[in-house]
Amino acid sequence: MGALPVFRWRLAPDGYATRRQLRARGLRPGGQPVAAQLERPRRRRGPLVAYLYRVDLAKPVRPMTPARWAALAKANTARRICPTCRRDAGYVIPASLGMCAPCAYPEQAAA
């Protein structure tokens, strides 16, 4: 297998798309290999790279089943439960805190 074709940022030919662009069209890569890449130069670091897939080989996004909807709802509910006080915080617990705001800052909650 040869090297991937490299295009400059915003200069990819028609027929190629990133994962996000495919998703916006209701498509997914569908197991195809990366077809090309975009590079956006930066001053002091290496270039930003985005991988491109062929649109003609992309497959439709699989529909959500009732079981997948239920699993997603359960996972989102678990992200709202504080591991310290075991209460529903009413929002997704930030990973930076690892607990709800009243547990993370008890001195402010008491005031």
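Modeller: Gln 37 belongs to strand E4, which covers residues 36-40; helices (H or I, at least four residues) and strands (E, at least two) are DSSP runs numbered from the N terminus. The model is a predicted one, in which local features need pLDDT of at least 70 and side-chain atom pairs count only at pLDDT 80 or more, while totals for chains, interfaces and linings use all residues. Residues are numbered from 1 along each chain as its sequence is written, and side-chain values use heavy atoms, with hydrogens and water left out.

With a relative accessible area of 14%, Gln 37 is buried, a word that stands for under 20%, as exposed does for over 50% and partly exposed for what lies in between (1.4 Å probe, protein chains only). The side chain of Gln 37 is joined to that of Glu 39 by a polar contact of 3.1 Å. Such a contact is a pair of N or O atoms within 3.5 Å; within protein, one must be able to donate a hydrogen and the other to accept it, and residues adjacent in sequence count only if both atoms are side-chain atoms.

In the loop between strand E3 (27-28) and E4 lies another glutamine, Gln 32, which at 11% relative accessibility also counts as buried. The side chain of Gln 32 reaches two backbone oxygens, that of Pro 29 at 3.3 Å and that of Arg 54 at 3.0 Å.

Arg 54 leads on to the charged pairs. Its side chain meets that of Asp 56 in a salt bridge of 2.7 Å, N to O, the term being used for a side-chain nitrogen of Lys or Arg within 4 Å of a carboxyl oxygen of Asp or Glu. Arg 54 is partly exposed, with a relative accessible area of 34%, whereas Asp 56 is exposed at 55%. A search of the whole structure finds two salt bridges; Arg 80 and Asp 88 also meet in one, at 3.2 Å, N to O. Here Arg 80 counts as partly exposed at 30% relative accessibility, and Asp 88 is partly exposed as well, with a relative accessible area of 45%.

Other arginines take part in a surface feature instead: Arg 10, Arg 40, Arg 42 and Arg 45 gather in a patch of positive charge. Patches are made of residues with over 30% relative accessible area and no salt bridge, like charges being joined within 9 Å and nonpolar side chains (Val, Leu, Ile, Met, Phe, Trp, Tyr) within 5 Å. Lys and Arg count as positive and Asp and Glu as negative, with His and the chain ends not counted, and the place of a charge is taken as NZ of Lys, CZ of Arg, CG of Asp or CD of Glu. Arg 10 lies in the loop between strand E1 (6-8) and strand E2 (16-17) and is exposed, with a relative accessible area of 77%.

Gly 15 is found in that loop between E1 and E2 and is partly exposed, at a relative accessible area of 41%. The C-alpha atoms of Gly 15 and Leu 52 are separated by 9.5 Å, although these residues are 37 apart along the chain. By contrast, Tyr 51, in strand E5 (residues 48-54), is 38 residues from Ala 89 in sequence and 38 Å from it in space, C-alpha to C-alpha.

Notes. Areas by Shrake-Rupley, 256 points an atom, 1.4 Å probe, with all protein chains shown as cover.
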